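Try each task before reading its solution.

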Amino acid sequence: MASKPGILTDWPWTPLGNFKYVVLAPWAIHAMYSFLVKDEKERDVAHFLIFPFLLWRMLHNQLWISLSRHRTAKGNNRIVDKGIEFEQVDRERNWDDQIIFNGIIFYVAYFTLPGASHMPLWRADGVVVTILLHTGPVEFLYYWLHRALHHHYLYSRYHSHHHSSIVTEPITSVIHPFAEHIGYFLLFSIPLLTVIFTGTRSIVSFVGYISYIDFMNNMGHCNFELVPKWLFSIFPFLKYLMYTPSFHSLHHTQFRTNYSLFMPFYDYMYGTMDKSSDVLYEKSLTRPEESPDVVHLTHLTTPDSIYHIRLGFASVASKPYISKWYLRLMWPLTSSYMMLIWICSRTFVLERNHFNKLKLQTWVIPKYRIQYFLKWQNEPINSLIEEAILDAEQRGVNVLSLGLLNQGEELNIYGELYIHRNPKLKIKVVDGSSLAVAVVLNSIPKGTTQVLFRGKLSKVAYFTALALCQKGIQVATFHEEEYAKINMKLNTKLGGKLALSKNYAHKIWLVGDGLTKEEQLKAPKGTLFIPFSQFPPKRMRKDCFYHTTPAMMSPTSFENMDSCENWLPRRAMSAWRVAGILHALEGWNVHECGHAIFDIEKIWEASLQHGFRPLMIPS
């Protein structure tokens with residue numbers, strides 16, 4: 001929002017929220033129906049293609065978003081180091097409004113303008129006219145309009161909304177108030193209206209020109225330099241006809257320079273080109289990939305989780321993961337992604353953060369949760385994890401936390417497998433169990449005298465049970481198999497505090513994977529469910545309380561947080577991820593994996609000292 005919002009700031013369909021697409025439905029349905037029922041001579045391909053073209057524009061923008069976020073996370077050729085936060089993601093979530101607006105204008109123009117219908121596929125003269133009109137009037141008028149928008153009156157009412165994003169993403173390019181978009185469309189319609197009224201219009205000139213605008217807009221705001229130096233060496237005049245991402249980034253950091261649309265020659269002509277443009281271009285172009293201090297390994301969960309990671313849909317990733325109905329409708333695309341991930345099977349960089357001079361990255365193993373339950377997938381998964389560890393070792397990473405990859409004794413002995421295979425590793429492998437135990441223990445209300453364990457037992461569960469028994473708290477389970485497992489693991493240390501329960505009366509339940517709906521329904525009203533596993537139970541009771549999986553809120557100084565970690569709330573981080581950061585901050589030169597565990601009290605105190613805080617739930 002601009003600092004002093006002017007008239008026509010909001011889009012007309014803002015009150016519709018996510019149902020705003022219905023404004024296009026009548027037009028799109030009519031176009032498709034007409035194409036299907038009319039005979040071949042009366043069919044108008046141009047009319048039919050409007051809606052598919054709008055979908056292509058959305059896909060085009062999304063591809064740029066994913067590419068930009070991946071490249072800026074890796075660090076090579078990154079221009080501006082400052083990160084983005086949730087506030088910017090929220091402000092830019094409606095980037096598709098301008099596509100809806102354009103779609104309505106296209107449909108209205110089709111029915112009202114003579115010559116807008118039955119366009120031929122190609123006309124060379126129309127393409128030439130479009131290029132000349134953009135290079136001349138459009139670029140010239142945009143330059144002066146842009147300078148006018150930086151006058152304090154218009155800037156405070158309109159253009160400051162766009163400049164709220166100092167660090168840009170591709171979609172930042174179209175984040176403007178409604179009134180500003182009207183001005184831009186009138187400007188860009190000059191070539192389009194000219195070819196219509198002169199009878200030189202064609203599908204290629206329309207689609208090509210608008211795709212060119214989208215491409216250049218996205219490229220100029222992507223925050224990584226990708227225009228090769230050899231291009232300007234072979235064609236020196238291009239520096240006046242094509243801007244670069246670093247050129248436009250200076251407009252967002254300096255504000256009073258580099259006003260041009262896509263062709264910088266007007267900045268050269270009127271003396272508004274930033275003098276550091278060439279230096280920043282050279283510096284960004286040669287910038288190497290970043291070497292982090294800490295790497296957090298994770299994996300995909302459900303098939304549609306590909307849209308929830310920060311390389312997916314930015315607005316979806318900025319909220320805790322919940323399966324959305326409209327994502328299920330995208331199953332053909334989701335299936336394609338799954339096949340691509342299955343075939344390529346390469347670990348990729350998802351996210352970068354900074355905290356207390358530490359450079360942090362999150363890497364994704366391209367496997368889904370269901371694959372961890374398939375025994376024939378164990379070796380491929382372990383190979384990918386081991387490759388990631390060795391890659392991190394080669395890059396000089398100090399600590400690697402296993403996160404969701406710490407799937408238990410059956411898969412990799414809680415990470416110890418990789419230490420046995422590579423005994424000379426300098427990098428420290430941390431499974432984070434100690435902090436997970438600490439978080440669970442500190443989530444139990446004070447004064448509790450007994451708790452009930454239920455679910456698949458894990459390293460975290462065993463050491464939590466041990467710590468509770470040592471504190472004099474009774475640990476109960478109503479499954480004989482679970483009782484036997486805990487008793488066998490910790491028999492000499494339980495002090496008689498382990499019991500086999502015959503009822504469901506306990507008000508504090510520590511739960512893992514495998515908790516059933518029937519068991520939840522038997523719990524008394526007001527029961528507090530505290531997960532010790534990495535995946536939360538499905539919430540079946542409205543009269544009970546559910547804690548998150550072991551996690552902590554990150555300090556305010558933790559930079560570049562713009563997406564949620566799976567189902568956790570904003571700025572929350574899993575205990576397994578935090579543990580790796582703490583090992584690096586404290587310089588603990590030990591592995592934490594296998595059946596051993598780090599000092600629970602020590603890591604809990606360290607987390608609080610560094611500004612991490614427990615998550616609170618209603619009580």
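**Exercise 1.** Over residues 99-119, what percentage of the chain is helix, what percentage is strand, and how many Å apart are the end C-alpha atoms?

*Solution.* Keep in mind that this is a predicted model. Start with the content: residues 99-119 are 67% helix and 0% strand. Then take the ends, whose C-alpha atoms are 21 Å apart. The unreviewed UniProt entry annotates 99-119 as "transmembrane region", along with 19-36, 126-145 and 182-210. Now try residues 19-36: that span comes out at 67% helix and 0% strand, with 26 Å between its end C-alpha atoms.

**Exercise 2.** Check the span of helix H16 (residues 331-344) against 1.5 Å a residue.

*Solution.* Count the residues in H16: there are 14. Step past the helix and you meet Ser345, with a positive phi near 50°.

**Exercise 3.** Work out the strand order in the sheet that holds S12, S13 and S14.

*Solution.* First, join S12 (residues 551-553) to S14: two bridges do this, and the strands run antiparallel. Met553, for one, has Arg613 in S14 as its bridge partner. Next, find the edges: S13 (572-574) and S14 (613-614) each pair on one side only. That gives an open, antiparallel sheet in the order S13-S12-S14.

How values were computed. Residues numbered from 1 in each chain as written. Predicted model: local features only at pLDDT ≥ 70, side-chain atom pairs only at ≥ 80, totals over all residues. Heavy atoms only, no water. Pairing = 2+ DSSP bridges. Helix = DSSP H or I, 4+ residues; strand = E, 2+ residues; numbered from the N terminus. UniProt positions renumbered as here; feature names shortened; annotations may be inferred. Expected span 1.5 Å × (residues − 1).
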